[in-house]
Amino acid sequence: MIALTEQDQPTGGEKMRMLEQMADALEDEIAGLFRRAAALEEEEFVLSHEVGERQTEINRLLLRLESMRAERERVMEKIESISREARAIREEAFNTEDRSRPSKSMA
């Protein structure tokens with residue numbers, strides 16, 4: 001280890017200058033950190049805005065999906081209704097055909 005002699009010790013003026021330089025360096029670092037904080041704040045604003053836009057789009061798509069599901073449900077109900085009607089018509093046609101045929105016992 002190297003021991004400092006009194007000659008190697010900074011004088012009061014030199015010490016003050018060193019402390020001033022250290023304070024300047026810290027203030028420079030502070031200024032850089034402020035710039036970084038401002039850039040992060042701006043990026044946060046942009047991202048927040050983008051999230052809002054995407055949420056609006058998601059909400060619009062959800063409404064569209066809900067509408068499509070409701071339309072599909074109406075179509076399925078119509079299919080069921082028409083199928084019942086078709087069965088009823090076939091049954092009526094079959095019953096009418098049976099009544100119009102002469103029975104074998106009458107022949």
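## R87 and its network

R87 is partly exposed, with a relative accessible area of 48%, where buried means under 20%, exposed means over 50%, and partly exposed lies in between (1.4 Å probe, protein chains only). Salt bridges that share partners bring R87 together with E80 and R84 in one network, a salt bridge being a side-chain nitrogen of Lys or Arg within 4 Å of a carboxyl oxygen of Asp or Glu. The model is a predicted one, in which local features need pLDDT of at least 70 and side-chain atom pairs count only at pLDDT 80 or more, while totals for chains, interfaces and linings use all residues. Residues are numbered from 1 along each chain as its sequence is written, and side-chain values use heavy atoms, with hydrogens and water left out.

E80 and R84 are four residues apart in helix 1, so about one helical turn separates them. E80 has a relative accessible area of 38% and is therefore partly exposed, and R84, at 46%, is partly exposed as well.

## The overall fold

The secondary structure of the protein comes to one helix and zero strands, where a helix is a DSSP run of H or I with at least four residues, a strand is a run of E with at least two, and numbering starts from the N terminus. Helix 1 covers residues 12-100.

Of the 107 residues of the protein, 0% count as buried. The accessible surface comes to about 10,700 Å², and 58% of that surface belongs to carbon and sulfur atoms; such areas are computed by the Shrake-Rupley method with a 1.4 Å probe, and for residues only the protein chains shown count as cover.

## Another salt bridge in helix 1

The structure holds five salt bridges, and one of them joins E71 to R74, with the closest N and O atoms 2.7 Å apart. Because E71 and R74 are three residues apart in helix 1, they are separated by about one helical turn. E71 is partly exposed at a relative accessible area of 39%, and R74 is partly exposed at 47%.

## Two patches on the surface

A patch of negative charge on the surface is formed by E20, D24, E27 and D28. Patches consist of residues with over 30% relative accessible area and no salt bridge, like charges being joined within 9 Å and nonpolar side chains (Val, Leu, Ile, Met, Phe, Trp, Tyr) within 5 Å. Asp and Glu count as negative and Lys and Arg as positive, while His and the chain ends are not counted; a charge is placed at NZ of Lys, CZ of Arg, CG of Asp or CD of Glu. E20 lies in helix 1 and, at 48% relative accessibility, counts as partly exposed.

The other patch described here is nonpolar, with I58, L62 and L65 making up about 250 Å² of surface. Of these residues, I58 is found in helix 1, and its 42% relative accessibility makes I58 partly exposed.
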